[in-house]
Amino acid sequence: MYAPRTQKTVAGFVSSMASRRGLGPRKFSFASAAKAQGPKDSLEKTRTELLDKLGSNSAGKIVATSEVLALNTSLPHGKVFTVRPITSWIDKLAGQHGSPGGHSSSIAEAPLPGKQYQKRDLVLKTMQDSYTEVILPFKTDKALLEEYINVDGSLRHGKIMEDLDAMAGAIAYKHADDGKPDSSPLTIVTASVDRIDLLKPLGVSDLRLSGHVSYVGYSSMEIFMKMEEISEKKPGQHGDTILVARFTMVARDALTGKASQVNPMLLKNDTEKKLFQMGDDHKAKKRVATDSALTKTPPTQAERFLIHDLYLEYSEYDDPQSKTKKPDDVEWMADTQMSAIHIMQPQDRNIHDKIFGGYLMRLAYELAFCNASVFISSRPTFLALDEISFRKPVSIGTFLALDSQIVYAEGGDHHSFQVMVKADVLDIKKKSRETTNTFWFTFSNPVKGTSRIIPRTYAESMLYLEGKRRRKTGSQLADASRKRLSLPA
């Protein structure tokens, strides 16, 4: 993996993590980063190995602690790489009403009226240029741990998801920067979360969160991130990988709203070329998956037979004249619904004055976790978040309606199951309700097999098939990652 080139480049991201938790800016220190090696395998299986083989060649890591220090987070040309707003909400309100005091200092703040911006230059960037690494010393910093600790003593996965989204945005802005303070401003948003896999339990230990741009299209950037344990005995070396994630970020011109070309990537060796090709392959696979989605094409023949078998089964249970009673280990999909409504507050906004995507992920995860807990009558184990697309931004002041449902569980000896969370934006002024995201989570019962879920309508059957598809694909990806990392299945 690459090491960060400058302290100031990544300071904005870590300081934004601190500010949204009320801890103030973090303290930073640097040390050397180690180089990890791994065996070669197939394209998907060797992704992490290729990242490890990229190595590190300069100063190494940033340590986030709970100490409150004054910190200059801007670069020499005055830009800050952060997805959190620099100005306060009250200053924005004052500016909207013509009061003095409102100001803008972030790379991605709204363009200033009347200001003459220069055309953006395209600069060849390497994968190293966007690399960002943050150390989270949970074992030694009790104040930091207090912000993440769960009721059972583990770390809150929803908070980690927030950090991943914030880090992906910071990495994307870092790659897109052309080094000129008067360049036309960019708006970079999370287009999709392609995959988050938890490869082993997330316990309380010192963790290294790192990532960089691994692929660029015309206006899109794939961000690869991973989280590793830091060994107490060998703190300078890369420990076990706990989590891997891929995000896709998209750049738009803040003045016109049109897609904006991002800096091309200079590939320095064969390893980087293979890694870049992986990103291109992922993009192609996403297009194929979109074209074969159940919202566009009918189920396959095997899936149609499955739907018919399910119909015959639930018809037996529904028939009042039938002697076949629904078994205790079978649950109707409709009976697993759970909902929540949240007010979207300015404290959770990003630099574009929309609700921070990582916050939406956390809310969805926590509802899914609650639903999963009720389903298995105990605390579930989180395994993965499948691909989600951010269809539309969520505005401050709107209501977010979250609807969760267990959509797929094989039952019997199978421990894992799929939970869907649909996020709708309620606008009381427009009297509208629009879906902004659909989240797909994989959980597991750590103790025993689960009940079996059965749909009763065609719409529920489509959700069932979607959950089944995602579970199969996700299981293959997770098993490949565990095999490469020599982790137990």
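Begin with the second largest cavity, which has a volume of about 40 Å³, a cavity being a set of points, on a 1 Å grid over the protein atoms alone, where a 1.4 Å probe fits but cannot get out, and a volume being the space filled by probe spheres set on the points, which are joined across faces, edges and corners. Select Tyr408, Glu410, His414, Ser416, Phe417 and Arg471 to show its lining, that is, the residues with an atom within 4 Å of a point. This lining divides into two nonpolar, two polar and two charged residues, where Ala, Val, Leu, Ile, Met, Phe, Trp, Tyr, Cys and Pro count as nonpolar, Asp, Glu, Lys and Arg as charged, and the others, Gly among them, as polar. The structure holds three cavities of 30 Å³ or more.

This is a predicted model, in which local features need pLDDT of at least 70 and side-chain atom pairs count only at pLDDT 80 or more, while totals for chains, interfaces and linings use all residues. Residues are numbered from 1 along each chain as its sequence is written, and side-chain values use heavy atoms, with hydrogens and water left out.

Now show the whole chain, which has ten helices and 14 strands, taken as DSSP runs numbered from the N terminus (helices H or I, at least four residues; strands E, at least two). Of its 489 residues, 53% are buried, meaning under 20% relative accessible area, with exposed set at over 50% and partly exposed in between (1.4 Å probe, protein chains only).

Next, turn to the largest pocket, with a volume of about 1400 Å³; a pocket is an open set of grid points with protein on both sides within 12 Å along at least five of seven lines. Among its 38 lining residues, select Ala289, Ala293, Glu387, Glu466 and Arg470, the closest to the pocket centre. Colouring by element, one finds two or more lining residues from each of β3 (186-198), α7 (270-291), α8 (301-318), β10 (388-389), β12 (416-427), β13 (432-444) and α10 (458-484), and α10 gives the most, with ten. The pocket lining comprises 13 nonpolar, eight polar and 17 charged residues.

Centre the view on Phe441, whose contacts (heavy atoms within 4.5 Å), leaving aside neighbours within four places in sequence, include Met161, Met361, Tyr365, Phe382 and Ala384. Select Ala384 next, in strand β9, which counts as buried at 3% relative accessibility. Not counting residues up to four places away in sequence, Ala384 touches Arg195, Ile196, Asp197, Trp440, Phe441 and Thr442. The C-alpha atoms of Ala384 and Gly474 are separated by 7.7 Å, although these residues are 90 apart along the chain.

Finish at two loops. Ser377, in the loop between α9 and β9 (381-385), has a positive phi of about 60° although it is not a glycine, and Ser377 is exposed, with a relative accessible area of 66%. Lys431, in the loop between β12 and β13, likewise has a positive phi, near 55°, in a residue other than glycine, and counts as exposed at 77% relative accessibility.
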